[in-house]
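Trainee: I am new to this one. Could you show it to me, and then take my questions in turn?

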Amino acid sequence: MAAKKRIGREEILAAATAVIRQNGASSLTMRRIAEQLGCSTQPLYSEFGSQEQLIEALTAYVRQRFPSAVCSSYRDFGRVFLRFAGEEKELFRFLYLRRRKPEETAVEDINLERTLELLMRSLEMDRKQAEQMHRQMQYYCYGLGTMIATGYRTMTQTEIDRDLTDFFSLLLRHYKQAEEEASLTYWLERSRNQNL
């Protein structure tokens, strides 16, 4: 008798990701994932114990594989996030539009430390300033990402670049007190030319 093939954690998480991509997060059940894998629900419960534990692991799995990227400028982080909202609408909804537990952070950013490091270095800011400025940029990107992922708005890469630059310029004017165009241009150039 041939040994039964063991279905591993990665396969289960990949199948759950496929279920979300095809039918949305509301369709995510142990039965649907098992159907995707062509097996019973037993391997899923053996690996994760419950659907809640599987969803917790899936959240980390999706977060690690999709919205993270190697970025060389501050704008790149926004581009990656908004591209994810446009190209992976259902996964974006799963990660960012889900109901959170009270102890969970409202704004998730897998690239936070790298982003803050880039802002502190390129814009000569202390950590507190960089955190405040980045939080405002996050809120703006979350709003745009939500509109893109829900079909309320579509944006070309050119429009995304323009909107990110415009909002970033407003933040720079405030945080760097760059009232004159020459000063604003200087800080914009510094932010573009500082690599991680």
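**Helix packing, burial and backbone**

Trainee: Which residues meet where helix 5 faces helix 9?
Mentor: Helices here are DSSP runs of H or I with at least four residues, strands are E runs of at least two, and both are numbered from the N terminus. Contact means heavy atoms within 4.5 Å. From helix 5 come Y74, R75, G78, R79, L82 and R83; they meet helix 9 at Q157, I160, D161, L164, T165 and F168.

Trainee: How many nonpolar, polar and charged residues are in that contact of helix 5 with helix 9?
Mentor: Ala, Val, Leu, Ile, Met, Phe, Trp, Tyr, Cys and Pro count as nonpolar; Asp, Glu, Lys and Arg count as charged; the others, Gly among them, are polar. By these classes, the contact of helix 5 with helix 9 holds 5 nonpolar, 3 polar and 4 charged residues.

Trainee: What kind of model is this, and which pLDDT do local features need?
Mentor: Residues are numbered from 1 along each chain as its sequence is written, and side-chain values use heavy atoms, with hydrogens and water left out. The model is predicted: totals for chains, interfaces and linings use all residues, side-chain atom pairs count only at pLDDT 80 or more, and local features need pLDDT of at least 70.

Trainee: How many helices and strands does the chain have?
Mentor: Read the elements from the N terminus: they run α-α-α-α-α-α-α-α-α-α. The count is 10 helices and 0 strands.

Trainee: At what angle do the axes of helix 5 and helix 9 cross?
Mentor: Axes are lines fitted to C-alpha atoms, for helices over the stretch in contact, and angles run from 0 to 180 degrees between N-to-C directions. Helix 5 spans residues 74–87 and helix 9 spans residues 157–175. Their axes come within 10 Å, and the crossing angle is roughly 130 degrees.

Trainee: What does that make helix 5 relative to helix 9?
Mentor: Under 35 degrees counts as roughly parallel, over 145 as roughly antiparallel, 65 to 115 as roughly perpendicular, and the rest as oblique. The angle here is roughly 130 degrees. Therefore helix 5 to helix 9 is oblique.

Trainee: Is the crossing of helix 5 and helix 9 left-handed or right-handed?
Mentor: A crossing is left-handed if the near helix is turned anticlockwise from the far one by less than a right angle, and right-handed if clockwise. For helix 5 and helix 9 the crossing is right-handed.

Trainee: How far apart are the end C-alpha atoms of helix 9?
Mentor: The expected span is 1.5 Å times one less than the number of residues. Helix 9 has 19 residues, so it should span 27 Å. The value in the model agrees: 26 Å.

Trainee: Which residues in helix 9 are buried?
Mentor: Buried means under 20% relative accessible area, exposed over 50%, and partly exposed in between, using a 1.4 Å probe and protein chains only. The buried residues of helix 9 are I160, D161, D163, L164, T165, F168, S169, L171, L172 and Y175.

Trainee: What is the phi of Q177?
Mentor: Most residues other than glycine have a negative phi. Q177 lies in the loop between helix 9 and helix 10 (181–193), and counts as exposed because its relative accessibility is 66%. Its phi is positive, although Q177 is not a glycine: near 45 degrees.

Trainee: What is the phi of E124?
Mentor: E124 sits in the loop between helix 7 (112–122) and helix 8 (127–149). At 49% relative accessibility, E124 counts as partly exposed. E124 is not a glycine, yet its phi is positive, about 50 degrees.

Trainee: At what angle do helix 1 and helix 6 pack?
Mentor: Helix 1 covers residues 9–23 and helix 6 covers residues 89–96. T17, I20 and R21 in helix 1 meet E90, L91 and F94 in helix 6. Helix 1 is roughly perpendicular to helix 6. The axes are 7 Å apart, at an angle of about 110 degrees.

Trainee: Which residues is A15 in contact with, leaving aside its neighbours within four places in sequence?
Mentor: A15 belongs to helix 1. At 7% relative accessibility, A15 counts as buried. Those neighbours aside, the contacts of A15 are I33, Q36 and L37.

Trainee: What separates the C-alpha atoms of M147 and L82?
Mentor: M147 is in helix 8 and counts as partly exposed, at 26% relative accessibility. M147 and L82 are 65 residues apart along the chain. Their C-alpha atoms are separated by 9.9 Å.
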